[in-house]
Amino acid sequence: MAGVLVIGALSEGGLARTTLQVAGAAAPLAAALGEPLIGALIGKDLVRAADEFQCGLAALYLVEGAHYERYSADAFMDAAQAVIEASQPTVVLCAQGAPAREWLPRLAARMQAGLVLDCIALAIEDDALVVTKPVNGGGVLAKFAVRGTPRFATVRANAFEPREMEGRAESKHL
């Protein structure tokens, strides 16, 4: 299944608000590509977070286990790679934050894929993921075109409106 994959973040046993913001950024990309919006969660006891992540996703991948209770970059990287291999997305997005800054660059390197961190705008142009991010202390905005599959980006908190709740995604446990 090709698509735009949003790897969600958890907060206090539920879904982090930034995840719905990333989904808000991802939905127009999925529409532009003519692909489904897909979600993924990695953690322990994901029932509440999965319920809160129902925002028009075509599918929701759940990688659940007690060993995810304590954060481990290696464990999250392996789980995310399993989701990517199962879903075959063309674009992978996560919220910008300390955990994603640790494991996502390693995963992108492992998969020989392009990655841009801390994006404030995203678009599809000529089949490339075009992202905008602040550089030079935020005084300049730079645009980057990311090609290949999959393409990775992290999204800055509060840069996008959260996606509204709608429908119920099919859950797939890995």
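Let me start with a definition, that two strands pair if DSSP finds at least two bridges between them, and with another, that strands (E, at least two residues) and helices (H or I, at least four) are DSSP runs numbered from the N terminus. What you see above is a predicted model, in which local features need pLDDT of at least 70 and side-chain atom pairs count only at pLDDT 80 or more, while totals for chains, interfaces and linings use all residues. Residues are numbered from 1 along each chain as its sequence is written, and side-chain values use heavy atoms, with hydrogens and water left out.

I will begin with the sheet. It is an open one, formed by 7 strands in the order S7-S11-S6-S1-S4-S5-S12, with parallel pairing. Strand S7 (115-119) and strand S12 (170-173) stand at the edges with a single partner strand each, so one side of each has no neighbour in the sheet. Direction ignored, neighbouring strands here are turned by 20 degrees against each other on average, where axes are lines fitted to C-alpha atoms, for helices over the stretch in contact, and angles run from 0 to 180 degrees between N-to-C directions.

Let me turn to strand S11, residues 151-155, which pairs in the parallel sense with S6 over 5 bridges, and likewise in the parallel sense with S7 over 3 bridges. How many of the 5 residues of S11 are buried? The count is 5 of the 5, so S11 is largely enclosed by the rest of the structure, where buried means under 20% relative accessible area, exposed over 50%, and partly exposed in between (1.4 Å probe, protein chains only). Arg151, Ala153 and Val155 lie on one side and Phe152 and Thr154 on the other, and both faces are covered. In a regular strand, as a reminder, the side chains alternate between the two faces of the sheet.

Strand S1 (residues 4-7) contains Val4, which is buried at a relative accessible area of 0%. Although Val4 and Val91 are 87 residues apart along the chain, their C-alpha atoms are separated by 4.8 Å.

There is also an antiparallel pair, in which strand S9 (residues 128-135) is joined to strand S10 (residues 140-146) by 7 bridges, with Thr132 opposite Lys143. Their hairpin has 4 residues between the strands, and Asn136 takes a positive phi near 50 degrees there.

Now to the cysteines. With a disulfide taken as a pair of cysteine sulfur atoms within 2.5 Å, the count is 0. Cys55 is in no disulfide, the nearest cysteine sulfur being that of Cys94 at 14 Å, and Cys55 is buried at 0% relative accessibility. For Cys119 the closest cysteine sulfur is also in Cys94, at 11 Å, which is too far for a bond, and Cys119 is likewise buried at 0%.

Last, the largest pocket, which has a volume of about 470 Å³. Of its 27 lining residues, those closest to its centre are Gly8, Ala9, Leu10, Ile42 and Phe76. Two or more lining residues come from each of strand S2 (10-11), strand S4 (37-43), strand S6 (91-95) and helix H4 (98-110), and H4 gives the most, with 4 residues. On the method, a 1 Å grid is laid over the protein atoms alone; a cavity is a set of points where a 1.4 Å probe fits but cannot get out, a pocket is an open set with protein on both sides within 12 Å along at least five of seven lines, and lining residues have an atom within 4 Å of a point. Grid points are joined across faces, edges and corners, and the volume is the space filled by probe spheres set on the points.
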